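Hello,

Here is the structure we talked about. Please open it and read my notes alongside.

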Amino acid sequence: MYRNILRIHDTQPASRQEMPRNATVQGNGGVHHAGGLLGTTEMVMVAATPVTLGDGKSLTLGLEDSTDGTAFAPVPVSFRRTFSGGPRTWEPGDVLARLPVPSDCRARIRVVFGNDDPEASGSVDVLFDVQPR
């Protein structure tokens, strides 16, 4: 369905979530268990509907982790890209961003994503993509 992404069954950090406008949001898929992943997965942001960002605007994808699922802190690895050369549009199924899940994440994680475009449009899915070893 999403071009060779090996998804973890029933685990989706964001599902058809509207792109925020000039903001950062938590994924609508909630908190997920990270124990035992041991660096074998990536977070992949995929366009669920056409997504558009303006010229010179940036897209970010990050993680927050927690021991108990209540007090979260940013994980020190993130994705950020600024797009130039005119507005950028992704069609449904296109990958916008990939971010490895570090092997030293605490037990619980959640995804955060955003942009600096007040005119951003579209919706995204964020998935766990298992990386074969």
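Two strands pair if DSSP finds at least two bridges between them. Strands themselves are DSSP runs (E, at least two residues), numbered from the N terminus. By that rule, strand S4 (residues 41-47) and strand S11 (residues 123-130) are joined by seven bridges and run antiparallel. Thr41 has Val130 of S11 as its bridge partner.

A word on the source. This is a predicted model: local features need pLDDT of at least 70, side-chain atom pairs count only at pLDDT 80 or more, and totals for chains, interfaces and linings use all residues. Residues are numbered from 1 along each chain as its sequence is written, and side-chain values use heavy atoms, with hydrogens and water left out.

Now the sheet. Four strands make an open, antiparallel sheet, in the order S1-S11-S4-S9. S1 (14-18) and S9 (95-100) each have a single partner strand, so one side of each lacks a neighbour in the sheet.

Next, Ser66. Ser66 sits in strand S6 (residues 57-66). Its relative accessibility is 0%, so Ser66 counts as buried (under 20% relative accessible area; exposed is over 50%, partly exposed in between; 1.4 Å probe, protein chains only). Leaving aside neighbours within four places in sequence, Ser66 is in contact (heavy atoms within 4.5 Å) with Ala71, Phe72, Arg106, Ala107 and Arg108.

Arg110 lies over the face of Phe72, at 3.9 Å from the ring centre. The test for this is CZ of Arg or NZ of Lys within 6 Å of the ring centre and within 35 degrees of the ring normal.

Best wishes
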